[in-house]
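Please read them with the coordinates open.

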Amino acid sequence: MIVYHGSIVTVVKPDVNHSYRPLDFGKGFYVTSVRKQAMQWARRKAAFLDNGKAIMNIYEMAKKTDGLKVKTFDPDLMEWIDFVCECRDGKTGYKEYDLIIGKVADDRVFRVVDMYHSGIWDKERALKEIKVYPTYDQIAFITQKAIDRLLKFKSFQEV
């Protein structure tokens, strides 16, 4: 399977050490199977860092995950929202996995997670508010072992 990583640099040898903050699934190296999504991430990062280059890195991802602990989420997002809240709170339960696969929510997720996390909204209300892109995904490589076993750099493209 081909996967993509949006960045401002070419990442031939991905690693988990350059993850500077916990995202939806904790600290890790994030890719997506959606080319358009990776291009958007690269452009957003380049604009945020005031860097003129937006780079989309392209990898081949092996399908066999034998021996790796993989977490995937059900489409109903019941478990997903709690997991995202915990990761964004700095909790480290995500570290029990090598690879985490799930959906990407739109930019409103920050507000929704805050409303749910603070107890203003219950889980049912929060899940109604979250608008998930049905074709967008994110794959978080939490361990270097998962990266080394599953990802092979193919090429990059300035976008």
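1. Terms and source. Two strands are taken to pair if DSSP finds at least two bridges between them. Helices (H or I, at least four residues) and strands (E, at least two) are DSSP runs numbered from the N terminus. The model is predicted, so local features need pLDDT of at least 70 and side-chain atom pairs count only at pLDDT 80 or more, while totals for chains, interfaces and linings use all residues. Residues are numbered from 1 along each chain as its sequence is written, and side-chain values use heavy atoms, with hydrogens and water left out.

2. The sheet. An open sheet is formed by 3 strands in the order S1-S3-S7, with antiparallel pairing. Strand S1 (2-7) and strand S7 (151-158) are the edges; each has a single partner strand, so one side of each has no neighbour in the sheet. On average, neighbouring strands are turned by 25 degrees against each other, direction ignored. Axes here are lines fitted to C-alpha atoms, for helices over the stretch in contact, and angles run from 0 to 180 degrees between N-to-C directions.

3. Pairing of S1 and S3. Strand S3 covers residues 55-61 and pairs with S1 in the antiparallel sense over 6 bridges. Met 56 in S3 is the bridge partner of Gly 6, and Ile 2 stands opposite Glu 60.

4. Helix H1. Helix H1 (residues 35-48) packs on the sheet, where it touches S1, S3 and S7, and its direction makes about 15 degrees with that of S1. Contact means heavy atoms within 4.5 Å. The expected span of a helix is 1.5 Å times one less than its number of residues. For the 14 residues of H1 this gives 20 Å, and the end C-alpha atoms are 20 Å apart, which agrees. The buried residues of H1 are Gln 37, Ala 38, Met 39, Ala 42 and Ala 46. Buried means under 20% relative accessible area, exposed over 50%, and partly exposed in between (1.4 Å probe, protein chains only). Just after H1, Asp 50 has a positive phi of about 55 degrees.

5. S1 and His 5. In S1, 5 of the 6 residues are buried, so this strand is largely enclosed by the rest of the structure. His 5 is found in S1 and counts as buried at 10% relative accessibility. The side chain of His 5 reaches the backbone oxygen of Tyr 30 at 2.6 Å. Beyond its neighbours within four places in sequence, His 5 is in contact with residues including Ala 38, Met 56 and Tyr 59.

6. Asp 24. This residue lies in the loop between S1 and strand S2 (29-31). At 7% relative accessibility, Asp 24 counts as buried. A polar contact is a pair of N or O atoms within 3.5 Å; within protein, one must be able to donate a hydrogen and the other to accept it, and residues adjacent in sequence count only if both atoms are side-chain atoms. The side chain of Asp 24 makes such a contact with the side chain of Arg 88 at 2.5 Å and with that of Gln 138 at 2.9 Å. Residues up to four places away in sequence aside, Asp 24 also touches Tyr 30, Phe 83, Val 84 and Cys 87.

7. Cysteines. With a disulfide defined as a pair of cysteine sulfur atoms within 2.5 Å, the count comes to 0. The sulfur of Cys 85 is 9.6 Å from the closest cysteine sulfur, in Cys 87, too far for a bond. Cys 85 is buried at 7% relative accessibility, and Cys 87 is buried with a relative accessible area of 2%.
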